[in-house]
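Thanks for coming. I will go through one structure today, piece by piece, with the picture on the screen.

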Amino acid sequence: MDRASPGLNRRVLATVSSPISEVRSWVAAGLQNPDLPLIDVAQAAPGYPPDRGLIEHVSRLDQAQVSRYGPVLGEAPLRAALAEDLSTSYGGVVRPEQVAITAGANQAFCLAVSVLCEPGDRVVMPVPHYFNYDMWLNMAGVEAAYLECSEGMLPPVEGAAALVDERTRAIVLVTPNNPTGRVYPPKLISDFAGLAAEAGIHLIVDETYRDFRHTTARAHDLFGDPQWDRTVIHIESFSKVYSIPGYRVGAMAASPDLLHEADKVADCLTICPSRIGQEAALYGLGHLAGWVEANRSTMNRRVRQFGDVMRDSSYEVVSAGAYFAYVRHPFEGVPGVRVARRLFEEYAVLCLAGEMFGPDQDRYLRLAFANLEDRDIPELARRLDESASGV
């Protein structure tokens, strides 16, 4: 063990720091080109405020009431409202007892892994992956079995099947994907659910960005299976859809038996989700369908706009959707971290390098443009093109 860190958890020491923390340290050191305003496409955070009605609703809450502890797995009205929303959106049946409210989607994933896995177990993780999930697996002593995606950034079912062994406990899908923005076709998701069921393991499907897809058609038909909860764990977040990331409220849908075990873990972590956040989410589900649709249209317009302005760029847009564009930079043999650092230092563009999302991703950058305005996108493309002269 490192002598400078006696007695610390080896797995935590061996886990990389959050990429967001790393690039924030660049900003803290100051812009090296102060003549250019910063274009921040690093963190996936909505740039617009919550709906005014939601803000007013939260301001009218009984502060004494919402300051108290609540149920570990969330308030009954919100669990019921989300169960109804999932049932309607997916054309299936999700019951309130199959829904738990969590402190964001990240906690939902951590709870699922804590219940499913012991140290030494394996989880199949498509690459590129969401870095927080990989970090948690590492700290939990769970092996990530990396599944290489196709050129179109789709994970192959056959490749996943080859990775499943007696130690495998789950397969993870994130759709729309973070970092690539790729929306997985319904049949692909169903095929993965079939593989999980055949192998006797779980399929964890993170749909944090489900409200920002390019279509309003059903994302999948998993909830149409009356026994879906034997195999599927659904994860989502209210942070992005209602622009309340600081409220820390997400959810998971799974079997009541699995949620019973998750209750034990959650009770030791947060005791209960934020009650103010839950009130905001409940208001959103009941009142903000039109507001959500307007924001979905805005995000999709920006995806199209970015694709248009980058069509002849030296930076190739490999995949884009929801909040993200995954871009291949033009510098063969140059690590993405070096490219990202130069973009920040010389062109005031803050983004994440591909290798922050898994092995063999050094030719890529992730751009999260939810916090931009439409007018910022051509300027972002201009700076990328200008940087293509070399590193």
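Which residues point one way from E10, and which the other way? Before the answer, one caution: what you see is a predicted model. Now the strand. Phe-324, Tyr-326 and Arg-328 point one way, while Ala-325 and Val-327 point the other way. Every one of these residues is buried. Strand E10 covers residues 324-328, and because five of its five residues are buried, the strand is largely enclosed by the rest of the structure.

Next, the neighbours of E10. Strand E9, residues 316-321, runs antiparallel to E10 and is joined to it by five bridges. If you want a pair to look for, take Ser-319, whose bridge partner in E10 is Tyr-326. E9 and E10 make a hairpin with two residues between them. In that turn, Ala-322 has a positive phi of about 55°. E10 also pairs with E13, again in the antiparallel sense and over five bridges. Here Arg-328 stands opposite Tyr-364 of E13.

Now please move to the open sheet of seven strands. Its order is E2-E8-E7-E6-E5-E3-E4, and the pairing is mixed. E2 and E4, the latter being residues 143-148, stand at the edges with a single partner strand each, so one side of each has no neighbour in the sheet. From one strand to the next, the twist averages 25°.

Inside that order, look at E6, residues 202-206, and E7. These two run parallel and are joined by four bridges. Val-205 stands opposite His-234, which is in E7.

Some helices lie on this sheet. Helix H9, residues 186-199, packs on the sheet and touches E4, E5 and E6. The direction of H9 makes about 150° with that of E6. Helix H7, residues 131-139, lies across E3, E4, E5, E6 and E7. Relative to E3, H7 runs at about 155°.

Another helix to find is H5, residues 76-90. H5 has 15 residues and reaches 21 Å from its first C-alpha to its last, close to the 21 Å expected at 1.5 Å a residue. Which residues of H5 are buried? They are Leu-78, Arg-79, Ala-81, Leu-82, Ala-83, Leu-86, Ser-87 and Tyr-90. The buried residues pack against strands E2, E7 and E8, and against helix H11. After H5 comes Gly-91, with a positive phi near 65°.

Where is it found? Asp-121 sits in the loop between helix H6 and strand E3. Is Asp-121 buried or exposed? Its relative accessibility is 9%, so Asp-121 counts as buried. A polar atom of the Asp-121 side chain lies 2.8 Å from the backbone nitrogen of Glu-118. The side chain of Asp-121 also makes a polar contact of 3.4 Å with the side chain of Arg-169. Setting aside neighbours within four places in sequence, Asp-121 is in contact with Leu-116, Val-142, Glu-143, Arg-167 and Arg-169.

How many salt bridges does a search of the whole structure find? It finds 23.

I will go through three of the pairs. Glu-261 and Lys-264 meet through their side chains in a salt bridge of 2.6 Å, N to O. These two are three residues apart in helix H10, so about one helical turn separates them. Glu-261 is partly exposed, at 31% relative accessible area, and Lys-264 is partly exposed, at 47%.

Glu-379 forms a salt bridge with Arg-382, with the closest N and O atoms 2.9 Å apart. Three residues apart in helix H14, Glu-379 and Arg-382 are separated by about one helical turn. Glu-379 has 25% relative accessibility and counts as partly exposed; Arg-382, at 38%, is also partly exposed.

The remaining pair is Glu-373 and Arg-302, whose side chains meet in a salt bridge at 3.8 Å, N to O. Glu-373 lies in the loop between strand E13 and helix H14, and Arg-302 lies in helix H12, so the pair ties together parts that are 71 residues apart in sequence. Glu-373 is partly exposed, with a relative accessible area of 37%, whereas Arg-302 is buried, at 6%.

That is the end of the tour. I will take questions now.

Terms used. Residues are numbered from 1 along each chain as its sequence is written. This is a predicted model: local features need pLDDT of at least 70, side-chain atom pairs count only at pLDDT 80 or more; totals for chains, interfaces and linings use all residues. Side-chain values use heavy atoms; hydrogens and water are left out. Buried means under 20% relative accessible area, exposed over 50%, partly exposed in between (1.4 Å probe, protein chains only). A polar contact is a pair of N or O atoms within 3.5 Å; within protein, one must be able to donate a hydrogen and the other to accept it, and residues adjacent in sequence count only if both atoms are side-chain atoms. Contact means heavy atoms within 4.5 Å. A salt bridge is a side-chain nitrogen of Lys or Arg within 4 Å of a carboxyl oxygen of Asp or Glu. Two strands pair if DSSP finds at least two bridges between them. The expected span of a helix is 1.5 Å times one less than its number of residues. Axes are lines fitted to C-alpha atoms, for helices over the stretch in contact, and angles run from 0 to 180 degrees between N-to-C directions.
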